[in-house]
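I opened this entry to keep track of what I looked up in the structure. I began with the ligand site, then went on to the chain layout and the backbone.

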Amino acid sequence: MSNYTALKTAIITAIQAANDLGSLEQVRVAELGKKGKLAEVMSSLGKMAPDERKAVGAELNVIKSEINEAFAARKAALEQEALAQKLAAEKIDITLSPRPENMGRVHPIPQVIDEVIAIFANQGFVVAEGPDVDTDWHNFTALNIPESHPARQMHDTFYLKALDDKGAPLLLRTHTSTVQSRVMLNQKPPLRVLAPGRTFRSDSDQTHTPMFHQIEGFVVDKTTHFGHLKGCLIDFVRAFFEMPDVPVRFRPSFFPFTEPSAEMDIGCSRKDGGLKIGAGDSWLEILGCGMIHPAVLKNCGIDPNEYQGFAFGMGVERLAMLKYGIPDLRSFFGGDTRWLNHYGFSAHDVPSVPTGLSR
Ligand code: PHE
């Protein structure tokens, strides 16, 4: 082995022995730098006879490039290791317990949804969800809404450019009744389902926002009748408003997907521009309901000669405004933390019927 080869081996061994970037840098200065061993050997070339210089020079060039390669490879490996260590050390532990004072407030919409779920869960309902973007079939056709129904017109419904597999434009659902057909097609009765979610209509003024929330409920069974609908909803409003004697009335109404259809009102009094729920001389509409139309059951693969059911749908913002005295619909979506601090709820107060629905 020539002296040069021994030198190369020694330098490469030192490079590989460096176990962090700092010691690798020390090796570079000592061995490869201007005053390093390699430079020393290179400078000795000048004193050699031309022939020897040529041969040794060529050998040294090969050695030098091998050393440089070894150095670059070691450097890349150590940099990779340092990065991995840094990433591991900087990992955020999200399991740290939260500081209650920093938890923020629960918005009235999820709060009211949780309250309604708590009440209907006590009556044996389960929660189901459907997509915000849905088909024309789920939103209208399945629900016995004919082509000519005004709800289909562009000014109400947000249609999307994308088409469904029948070639009809997809849409943003205009009500949570879409979940009726979605559940009925996939589950066998008896059914007791509650479906909260976002809904969309192309309408925007002081009392309408293009996005709002509804809660749909429906029951399908062999002997379900209008008396069940009334009992279920009367129990609901009394529990929700935490007022056991709130007066209620059912008014005949029309929905294409229920027959007969009704709207439910609760008693209230209006004085000096204010509104008080409970006994009084005024009525306030709070939800739509009815017996599920046989055509809807049939469209969803349920035999209307064997099964019948009822359905209801209510607006979450309206329930929240009435129960908590929130005067302005649009403030729900303003993202104002002062509003949220005022009307929001503590994250610790999870609504439940036995322990109380709200603070
Ligand atoms: N989907 C109706 C609406 O948005 C409400 C409703 C649901 C009425 C179920 C009857 C039965 O107005």
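**Ligand site**

I listed the residues around the ligand and found 13, of which His-175, Ser-177, Arg-201, Gln-214 and Glu-216 come nearest. The model I am working from is a predicted one.

I then looked up polar side-chain atoms facing the ligand. For His-175, an N or O atom of the side chain is 3.0 Å from a nitrogen atom of the ligand. For Arg-201, a polar side-chain atom lies 3.0 Å from an oxygen atom of the ligand. Gln-214 also puts a polar side-chain atom 3.0 Å from a ligand oxygen atom. I count these as polar contacts because the cut-off for a pair of N or O atoms is 3.5 Å.

Next I checked how much of the ligand is covered. The ligand taken alone exposes 320 Å², and the protein buries 89% of that area.

**Shell composition**

I sorted the shell around the ligand by residue class and got 5 nonpolar, 6 polar and 2 charged residues.

Which strands each supply at least two residues of this shell? I noted β7 (211-221), β11 (282-292) and β12 (308-315). The largest share comes from β12, with 3 residues.

**Chain layout**

I looked up the division of the chain and found domain 1 at 3-89 and domain 2 at 107-343. I then took the distance between the C-alpha centres of domain 1 and domain 2, which is 76 Å.

**Backbone checks**

I went through the backbone for exceptions, since most peptide bonds are trans and most residues other than glycine have a negative phi.

The peptide bond from Pro-189 to Pro-190 came up as cis, with omega near 5°. I placed Pro-190 in the loop between α7 (178-186) and β6 (191-200).

I noted another cis peptide bond between Glu-259 and Pro-260, where omega is about -5°. Pro-260 is in a strand, β9, which covers residues 258-271.

For phi, I wrote down Asn-144, a residue other than glycine with a positive value near 65°. I located Asn-144 in the loop between α6 (136-139) and β4 (159-163).

Notes. Residues numbered from 1 in each chain as written. Predicted model: local features only at pLDDT ≥ 70, side-chain atom pairs only at ≥ 80, totals over all residues. Heavy atoms only, no water. Near = heavy atom within 4 Å. Polar contact = N/O pair within 3.5 Å; in protein donor to acceptor, adjacent residues only side chain to side chain. Areas by Shrake-Rupley, 256 points an atom, 1.4 Å probe, with all protein chains shown as cover. Helix = DSSP H or I, 4+ residues; strand = E, 2+ residues; numbered from the N terminus. Nonpolar A, V, L, I, M, F, W, Y, C, P; charged D, E, K, R; others polar. Domains from an automatic or database assignment.
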